[in-house]
Amino acid sequence: MNPKLLIVDDDEEIRTQMKWALAKDYDVTLAESRVTAIEAFRAQQPMVVLLDLGLPPHPNSPEEGLAALSELLGLNPLVKVVIVSGQGEKENALQAIGAGAYDFLTKPVNMEELKFLLKRSFHTAQLEKEYNEMQKLVRTDAFEGVLGESTAMRAIFDSIRKVATTEAPVLILGESGTGKEMAAKAIHQRSNRKDGPFVAINCGAIPETLLESELFGHEKGAFTGAHVQRKGRIESANAGTLFLDEIGEIPLALQVKLLRFLQEQTIERVGGRQSIQINTRVVAATNVDLKKAMAAGKFREDLYYRLAVVQVSLPPLRERENDIRLLAQYFLNRFSAEVKKPSLTFDAEAVKALNRHAWPGNVRELENCVRRAAIMAEGKRVTAKDLELNPGDPDSGITTLKDAREAVERRMVQQALKKHGGKIAPAAVELGMSRPTLYELMDKLGISRE
Ligand SMILES: Nc1ncnc2c1ncn2[C@@H]1O[C@H](COP(=O)(O)OP(=O)(O)OP(=O)(O)O)[C@@H](O)[C@H]1O
Ligand SMILES: [Mg+2]
């Protein structure tokens, strides 16, 4: 289908001549006056209009043409209007440019020049249209940087709005990569503490022996290697928010100390005797089932009830309707800018593949997948192949040995991780590989480390 072009001129001979010259490349509509031009424009919605300024009832002055120009732009500010002006009317043409016309040509029109100018006009119009659509898609509803317009995410934004300004601890639940840390930051940003620090600590990533002094700090000489006094993260978060990530990984002995801090709002540094008053709001997160951990005696019930006064449960990405598309395009904009490519978009197959994938690693997996695709993409469109996603259900698209191997690897790694509550070490043992190898494999498969 050829792009639509509207030609407005009161000279029948010129209209016919232009139509004859341009009909091969464009779907041409003709009009001879302002009124018929506007009518045709409303009906056809062309992206480019070729406009003669001298129209009846004033064929010898530009006023009717200029009025048409302003009406056209009023109907669609993105339309590209190319002015065709008579000899000695350059001033009028410039006035039209000032009023928003895209470019102008002088009669008699050189057809080659006209064709070139039209091509450029359509190209610009198309780019602007795509850019606008993309911006619309991305602008919708970012909440402190957290994107989402699904019902599930709107509900999350509502509850964050409500809990943020209270002082109560919040427990954020959600599969890995669902945006727990982002949600914690949003709570901080929306709270009265937003000018204070946001301090995060991943309780699962710090060796047990170091975790206590990381959290509570230590005095000089408290243990071998404690050469100087150090503040802990709880103290650093004073007047702000402390984010305890992977709270389920905290050893029982420390759970007692943490509980005392939550109850009394005081701490003692390791090796210290002085109790320090702290004013810190706690937000915790976990992707393991704390109720199960409690039943297994690995998590204290009293601590759980302290932390879980308010719960925010982030839905997995696959349950967020259109958010996959929204997030994917957002990441694509970001990464194409990063790799210095012009704005990329997904082709139809890619969109299908994105929607069908189950996203076990949620937003983080999507982010990694799009980053890779932005690098791989040739030209302006990202394909399903660039995404390395097979359209169709998980197994039906498998055609190569490599795909099959990856599908099996993914399934086994996910099962092992699930069985061991996300813990790497036992999962690696079960899979018969070293921890670094498992990490490598998870990175390759786009499975989150947490
Ligand atoms: N709704 C969202 N809008 C924009 N970016 C998001 C959104 N959710 C998550 N992200 C991005 O996805 C990545 C993972 O988010 P985040 O670290 O908050 O998740 P998490 O639940 O803490 O993950 P993990 O369980 O792996 O620690 C981050 O890069 C984050 O910026
Ligand atoms: Mg996290």
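Which residues line the largest cavity? In this predicted model, the lining of the largest cavity is formed by Glu-246, Gly-248, Glu-249, Thr-286, Asn-287 and Val-288. By class, that lining consists of 1 nonpolar, 3 polar and 2 charged residues. The volume of the largest cavity comes to about 30 Å³, and a search of the whole structure for cavities of 30 Å³ or more finds 1. Rolling a probe the size of a water molecule over the atoms shows where empty space is left.

**Helix pairs**

| Helix pair | Angle | Axis distance |
|---|---|---|
| α2 (residues 34–44) and α3 (residues 63–75) | about 20° | 10 Å |
| α17 (residues 401–419) and α19 (residues 435–445) | about 120° | 11 Å |
| α13 (residues 323–338) and α15 (residues 362–376) | roughly 45° | within 9 Å |

Helices α2 and α3 pack at an angle of about 20°, which makes α2 roughly parallel to α3, since angles under 35 degrees count as such. The crossing in which α2 passes α3 is right-handed. On the α2 side the residues are Arg-34, Ile-38, Phe-41 and Arg-42, and they meet Glu-64, Ala-67, Ala-68, Glu-71, Leu-72 and Leu-75 of α3. The residues of this contact between α2 and α3 comprise 6 nonpolar and 4 charged, with no polar ones.

Helices α17 and α19 pack at an angle of about 120°, and α17 is therefore oblique to α19. Here α17 passes α19 in a left-handed crossing. The contact draws on Glu-406, Glu-409, Arg-410, Val-413 and Leu-417 from α17, together with Leu-438, Leu-441, Met-442, Lys-444 and Leu-445 from α19. Sorted by class, the contact of α17 with α19 holds 6 nonpolar and 4 charged residues and no polar ones.

The axes of α13 and α15 cross at roughly 45°, so these two helices are oblique to each other. The crossing of α13 past α15 is right-handed. From α13, the residues Ile-324, Leu-327, Ala-328, Phe-331, Leu-332, Arg-334, Phe-335 and Ser-336 meet Val-363, Leu-366, Glu-367, Val-370, Arg-371 and Ala-374 of α15. The contact of α13 with α15 divides into 10 nonpolar, 1 polar and 3 charged residues.

**A strand residue and its contacts**

Val-310 belongs to strand β16, which covers residues 310–313. When residues up to four places away in sequence are left out, Val-310 touches Val-163, Ala-168, Pro-169, Val-170 and Leu-171. The C-alpha atom of Val-310 is separated by 23 Å from that of Ile-267, a residue 43 places away along the chain.

**Backbone features in loops**

Most residues other than glycine have a negative phi, and most peptide bonds are trans. Against that background, the peptide bond from Pro-56 to Pro-57 is cis, with omega near 10°, and Pro-57 sits in the loop between β3 (48–52) and α3. The peptide bond from Lys-107 to Pro-108 is likewise cis, with omega near -5°, and Pro-108 is found in the loop between β5 (103–106) and α5 (111–139). Ala-239, although it is not a glycine, has a positive phi of about 70°, and this residue lies in the loop that runs between α9 (233–236) and β12 (241–245).

Conventions. Residues are numbered from 1 along each chain as its sequence is written. Chains are lettered from A and ligands numbered from 1 in the order in which they are written. This is a predicted model: local features need pLDDT of at least 70, side-chain atom pairs count only at pLDDT 80 or more; totals for chains, interfaces and linings use all residues. Side-chain values use heavy atoms; hydrogens and water are left out. Axes are lines fitted to C-alpha atoms, for helices over the stretch in contact, and angles run from 0 to 180 degrees between N-to-C directions. Helices (H or I, at least four residues) and strands (E, at least two) are DSSP runs, numbered from the N terminus. Angles under 35 degrees count as roughly parallel, over 145 as roughly antiparallel, 65 to 115 as roughly perpendicular and the rest as oblique. A crossing is left-handed if the near helix is turned anticlockwise from the far one by less than a right angle, and right-handed if clockwise. Contact means heavy atoms within 4.5 Å. Ala, Val, Leu, Ile, Met, Phe, Trp, Tyr, Cys and Pro count as nonpolar, Asp, Glu, Lys and Arg as charged, and the others, Gly among them, as polar. On a 1 Å grid over the protein atoms alone, a cavity is a set of points where a 1.4 Å probe fits but cannot get out, and a pocket is an open set with protein on both sides within 12 Å along at least five of seven lines; lining residues have an atom within 4 Å of a point. Grid points are joined across faces, edges and corners, and a volume is the space filled by probe spheres set on the points.
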